[in-house]
Amino acid sequence: MRILAISGSLRISSTNTSLVRAATTLAPENMHIMIYTELGTLPPFSPELDGDDAPASVKELRAQIQSSDGVLICTPEYAYGMPGSLKNALDWTVSSGDLHGKPLVAISASPGGGERALASLLLTLQALNAKVAEGGTLSIFNARAKVDAHGNVADEATVKDLKAILEALARAIAGE
Ligand code: FNR
């Protein structure tokens with residue numbers, strides 16, 4: 001199964017991006033995780049730009065979601081919500097309905113766990129009719145301490161939690 005992973009952070013040494021990279025190595029055997037790298041290149045959403053002649057970067061995002069069996073989102077918290085760049089990407093999928101029924105798991109990672117970011121993300125995913133997996137949400141507290149200088153997850157409990165959420169995604173894709 002093919003998974004598209006989206007980090008909600010544009011920071012070069014982002015903890016969330018490190019967690020997404022770590023997920024690629026922790027995935028079950030039959031799961032292949034591709035990382036979406038163009039979050040920062042998407043134009044600000046406007047209904048004026050939406051439609052069949054949407055910008056190429058938007059078409060590419062939609063194609064990557066469409067060709068995936070499931071989606072993993074890992075986001076920091078900014079001002080009690082998900083980052084605007086992540087919300088912007090999700091807004092681009094409203095009219096195309098790419099996330100409708102799409103199995104998905106959602107992680108927040110920030111010093112305080114990012115539970116408000118996760119809540120705001122889940123509310124948007126509800127509007128998009130995404131299929132959030134049972135057991136498919138996770139808040140990672142003190143996130144920067146869980147990743148070492150090389151971007152590897154250095155905390156056993158976090159490794160276990162990441163493996164568990166990826167297994168939850170696999171089950172949702174299998175329709176279990
Ligand atoms: C933050 N951060 C933050 N953390 C939090 O728990 N609640 C919040 O409301 C905010 N707000 C916020 C605003 C801005 C402008 C910044 C720059 C940061 C902290 C942020 O979530 C934390 O640094 C994450 O670890 C960043 O994730 P990456 O970039 O390491 O993936």
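Modeller: Happy to! Keep in mind that this is a predicted model. Around the ligand there are 13 residues, and those that come nearest are Ser9, Arg11, Ser14, Asn16 and Glu77.

Ser9, one of the residues that come nearest, places a polar side-chain atom 2.6 Å from an oxygen atom of the ligand. Thr15 takes part through its backbone: a polar atom there is 2.9 Å from an oxygen atom of the ligand. Tyr80 also uses its backbone, with an N or O atom that lies 2.9 Å from a ligand oxygen. As for cover, the ligand taken alone exposes 640 Å², and the protein buries 68% of that.

Turning to the sheet, you will find 5 strands in an open arrangement, ordered E2-E1-E3-E4-E5, with parallel pairing. At the edges are strand E2 (32-36) and strand E5 (131-140), each of which pairs on one side only. From one strand to the next, the twist averages 20°.

Strand E4, residues 103-109, pairs with E5 in the parallel sense over 6 bridges. Within this pairing, Leu104 stands opposite Val132 of E5. Helix H4, residues 115-127, lies across E4 and E5 and also across strand E3 (70-75). Relative to E4, helix H4 runs at about 160°.

How values were computed:
Residues numbered from 1 in each chain as written. Predicted model: local features only at pLDDT ≥ 70, side-chain atom pairs only at ≥ 80, totals over all residues. Heavy atoms only, no water. Near = heavy atom within 4 Å. Polar contact = N/O pair within 3.5 Å; in protein donor to acceptor, adjacent residues only side chain to side chain. Areas by Shrake-Rupley, 256 points an atom, 1.4 Å probe, with all protein chains shown as cover. Pairing = 2+ DSSP bridges. Helix = DSSP H or I, 4+ residues; strand = E, 2+ residues; numbered from the N terminus. Axes fitted to C-alpha atoms, helices over the stretch in contact; angles between N-to-C directions. Contact = heavy atoms within 4.5 Å.
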